[in-house]
Amino acid sequence: MNVTNRPPSNPYATGATSSAYSRPRAGADRFVDDGIAAMSPARLLVALYERLALDIDRAGKALADPEPTGEQRYEAHERLTHAQCIVEELQLALDPRVWEGADALAGVYEYLHGRLVAANLSKDPAVLDECRDLVTPLLEAWQEAEGTLRAVPVPEPGGPVAVVA
């Protein structure tokens, strides 16, 4: 058997077999990818925090019943593992050479990641509340910072730049 002519096990893994008919989500995926690529770094950071908060909220809703079903537990697991991935990405993006507060925030991320893992293992809504209490003020601070950055006028390329001494 000629292995090189064998189709990939996941037809979505390559663009070779993708079309509007074989992959209906291709257009939606491209739309999302283009939207993310067009975000400013500040907006991307806020979007990550917003999704982190959403994942924590959705996990909390899935575990709201005193006796969650297997499906609810699985939903909580999916949301919490996604939240853990976001925290890992936020942690990787920190650069202590650029910002002196990076090490302190890295400690918060490390603690939050551990609590998300604990929430996933225990399925304890109280641990999720603690995670939400950690994320909410950070989200609000980054939203405020993003708003401040949007208010600062950006000079035209090649135009005059004011230097403040």
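## Pocket and helix packing

The largest pocket has a volume of about 390 Å³. A pocket here is an open set of points on a 1 Å grid over the protein atoms alone, with protein on both sides within 12 Å along at least five of seven lines, and its lining residues have an atom within 4 Å of a point. Grid points are joined across faces, edges and corners, and the volume is the space filled by probe spheres set on the points. Of the 19 lining residues, Pro-41, Leu-45, Ala-93, Leu-94 and Trp-142 are the closest to the centre of the pocket.

This is a predicted model, in which local features need pLDDT of at least 70 and side-chain atom pairs count only at pLDDT 80 or more, while totals for chains, interfaces and linings use all residues. Residues are numbered from 1 along each chain as its sequence is written, and side-chain values use heavy atoms, with hydrogens and water left out.

At least two lining residues of the largest pocket come from each of H2, H3, helix H4 (102–122) and helix H5 (125–151). H2 supplies the largest share, six residues. Helices are DSSP runs (H or I, at least four residues) numbered from the N terminus. By class, the lining holds 16 nonpolar, no polar and three charged residues. In this scheme Ala, Val, Leu, Ile, Met, Phe, Trp, Tyr, Cys and Pro count as nonpolar, Asp, Glu, Lys and Arg as charged, and the others, Gly among them, as polar.

Axes are lines fitted to C-alpha atoms over the stretch in contact, and angles run from 0 to 180 degrees between N-to-C directions.

| Helix pair | Angle | Axis separation |
|---|---|---|
| H2 (residues 41–62) and H3 (residues 70–93) | about 155 degrees | 8 Å |
| H2 and H4 | about 25 degrees | 13 Å |
| H3 and H4 | about 165 degrees | 9 Å |

H3 is therefore roughly antiparallel to H4, where angles over 145 degrees count as roughly antiparallel and those under 35 as roughly parallel. Their crossing is left-handed, a term used if the near helix is turned anticlockwise from the far one by less than a right angle. Contact means heavy atoms within 4.5 Å. Among the H3 residues that meet H4 are His-77, Leu-80 and Val-87, and their H4 counterparts include Tyr-109, His-113 and Asn-120. The contact of H3 with H4 divides into ten nonpolar, six polar and two charged residues.

H2 and H3 are likewise roughly antiparallel to each other, and H2 passes H3 in a left-handed crossing. The H2 side of this contact includes Leu-45, Arg-51 and Asp-55, and the H3 side includes Glu-75, Arg-79 and Ile-86. Twelve nonpolar, two polar and five charged residues make up the contact of H2 with H3.

H2 also passes H4 in a left-handed crossing. Tyr-49, Leu-52 and Ile-56 in H2 meet Leu-105, Tyr-109, Leu-112 and Leu-116 in H4. This contact of H2 with H4 has seven nonpolar, no polar and no charged residues.

Ala-42 also lies in H2. Leaving aside neighbours within four places in sequence, Ala-42 is in contact with Glu-146 and Leu-149. The C-alpha atoms of Ala-42 and Glu-146 are separated by 5.6 Å, although these residues are 104 residues apart along the chain.

Notes. Parallel < 35°, antiparallel > 145°, perpendicular 65-115°, else oblique. 1 Å grid on protein atoms, 1.4 Å probe; cavity = no way out; pocket = protein on both sides within 12 Å on 5 of 7 lines; lining within 4 Å.
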